[in-house]
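Student: I am new to this structure, and I would like to go through it with you step by step. Could we begin with how the chains meet and then turn to a sheet?

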Amino acid sequence: MIVDKINTEDMFLYYSSKMALNNISIKIPEKKVTAFIGPSGCGKSTFLRSLNRMNDLIDGVKIEGKVIIDNINIYDKNIDVVTLRKKVGMVFQKSNPFAKSIYENVAYGPKINGIKDKSQLDEIVEMALKNAAIWDEVKDRLGDSALGLSGGQQQRLCIARTLAVNPEIVLMDEPASALDPLSTAKIEELIVQLKENYTIVIVTHNMQQAARISDNTAFFYLGELIEYDRTKKIFTNPDKKQTEDYITGRFG
Amino acid sequence: MTKEPSKAPTSGKLTAASSEPVRFDITRKKFRIADYVAEKIIKGVAFLSITIIVLIFFFVFREAFPIFSISKEIKKSTTENVVQDVQETYGEVTDQPAKEENQETYGAVTDSSQVQEQYGVQTNDTASIEDASDKAYTVSAGSGFDDNQSAIKTLLTKDWVPVSDKPRYGILALIVGTFKITLISLLFAAPIAILAALYTAVFANRKMKEIIKPTIELLAGFPSVVIGFFALMVMATFLQEIFHYETRLNSFVGGIAMGIAAIPIIFTITEDALTAVPKSFYEASLAIGASKWQTAFFVILPAATPGIFAAILLGIGRVFGETMIALMATGNAAQMDLNPFTSVRTLAATIGAEMAEVVFGDTHYNVLFLIGSLLFIFTFIINAIAEFYVKGKLMKRIQGK
């Protein structure tokens, strides 16, 4: 049975007075990979960031409507945003490991959650690195600076860092856009594995990527959700002409 | 022979091209006079500034050098200088009989600059001059006393008594005093400045930031004499009422006052370093459920360590060379202990306080320049540590190279 993990209802988002998202209503199922596609500036990243309230960091953002995760509207007044972000983790477009060792990068999340026991931390770090499919590459140099890793490794480390706090939802904002094809393949493989335990929402510019890894695909254009359906349907037989044009490369 | 025909067309083509007006002639180097002059001027200015620094360095060391020289020639020339100096002084200061008497004194005392130095201090009172010359006799008769050598011997003691029958130039108390006051001011200034910078860089909204930063930076240009005066008149009394210590002006008061002078410097550079931390660190930390404070303390602050380190070292440099506040607020007594509530005398303040009463070419004069050299060397060491530590260790750790 498919459970809806995230459910937005009539959601609008404004940057100052400019409307960036126009009436988005979408149901994102649990433990599936949902991909957002669309041309640059169409609002898909903005929408992704509003799912764990990262947009709060930007001045002048105003949101109307509801974003419901597990039956709770996360834009309610007394929501604890810090705890929300533990539940809804995020991986960014540009890999952004901290200027710390590999170990410290992954252990940071558990540590701020109050885990002090060294053996327990070791266990979590190993688990997270294994889940992010990078353990074999870094297990001998956990004490080295994370900034010495390659781009693809850094991105997988960032995924491991997100997994280490054991979220339920992982948001990924073009996680492979800055990587070479080999690293991209590894990340994609990883995403498919991760959906067993996590609900994954991914923004991508690469339509083949969306086709390869996602279960559902949403097409955004100019701040509106044009079409949302099973990935197979979107890529083979879309309902809307705009979607078809975009997928076949006639615009965007 | 096969080469000839292949060459000919090329040259033919070249001549053909040059007969027509050429739009981009890249075959000849042009001499650009404006570029040349600008480059030379900039180069000249750069080297001039370096030269000036080197010359100052050289001069300060040269003036400090005679203390260590025990070779007779230098000693002799120093003595001659001294004699001339003293005679000049006397000409101005006293009446004829006194002058004669002192010239006699000089005939007898071969090498006693401390006498002449004392003369510098005690002005046109003839009686006291006679007094002093009497003492000079006894000293010279007693030991055949070598000025420079005795100065070196006393250099590593803690008694700083440069104006006396038996001058002692123990700079140990001055060094300890300087370090003590530097430590106190840093313990006061660094936490305040760094926390203020952290607030400004991470927590304050844009409007607040635009108010706070220029305001604190304004304080950096505040004349230290004003801070010193404030410390001397207001702060010293106020702090004494709180802490009930014995001496009103002491290293604690001086340290706090110097800390006030150092705060803007540490603040500005720390703030810049914190702002330079990539925003992605901040986002990444928040995205895994860290609070703002956790992010600030465990991610942003560590990432800015090299900059903060540099800021603190610049603060040290400021405190180290600070003269006016030291003169006004520290009590200026060369005591050597680790009690923060006793008076101290710093290296810089010693030069500031005694430059007016020292006689040119005298041992005391040389020792003051030695102190100047020490300040130079300490500053140099601090900068070197900053350079090597920041570039070598911290950068390696943080950038993973």
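Tutor: Before we start, buried area is the accessible area, taken with a 1.4 Å probe, that two parts lose on being put together, summed over both. Please keep in mind that this is a predicted model.

Student: How much area do chain B and chain A bury between them?

Tutor: The contact involves 21 residues of chain B and 24 residues of chain A. Of the area buried between the two chains, 64% lies on carbon and sulfur atoms, and on the side of chain B, Glu283(B), Ala287(B) and Ile288(B) lose the most, together 31% of what that side buries. The area that chain B and chain A bury between them is about 1900 Å².

Student: Which residue of chain A meets the side chain of Glu283(B) in a salt bridge?

Tutor: The count between chain B and chain A is one salt bridge. A salt bridge needs a side-chain nitrogen of Lys or Arg within 4 Å of a carboxyl oxygen of Asp or Glu, and here the distance from N to O is 3.0 Å. The partner of Glu283(B) is therefore Arg49(A).

Student: Which strands are the edge strands of the open sheet in chain A?

Tutor: Six strands form this sheet with mixed pairing, in the order 6-7-8-3-9-10. Inside that order, strand 3 and strand 9 of chain A run parallel and are joined by four bridges, with Ile37(A) opposite Phe219(A). An edge strand pairs on one side only, and in chain A this describes strand 6 (88-91) and strand 10 (224-230).

Technical notes:
Residues numbered from 1 in each chain as written. Chains lettered and ligands numbered in written order. Predicted model: local features only at pLDDT ≥ 70, side-chain atom pairs only at ≥ 80, totals over all residues. Heavy atoms only, no water. Contact = heavy atoms within 4.5 Å. Pairing = 2+ DSSP bridges. Helix = DSSP H or I, 4+ residues; strand = E, 2+ residues; numbered from the N terminus.
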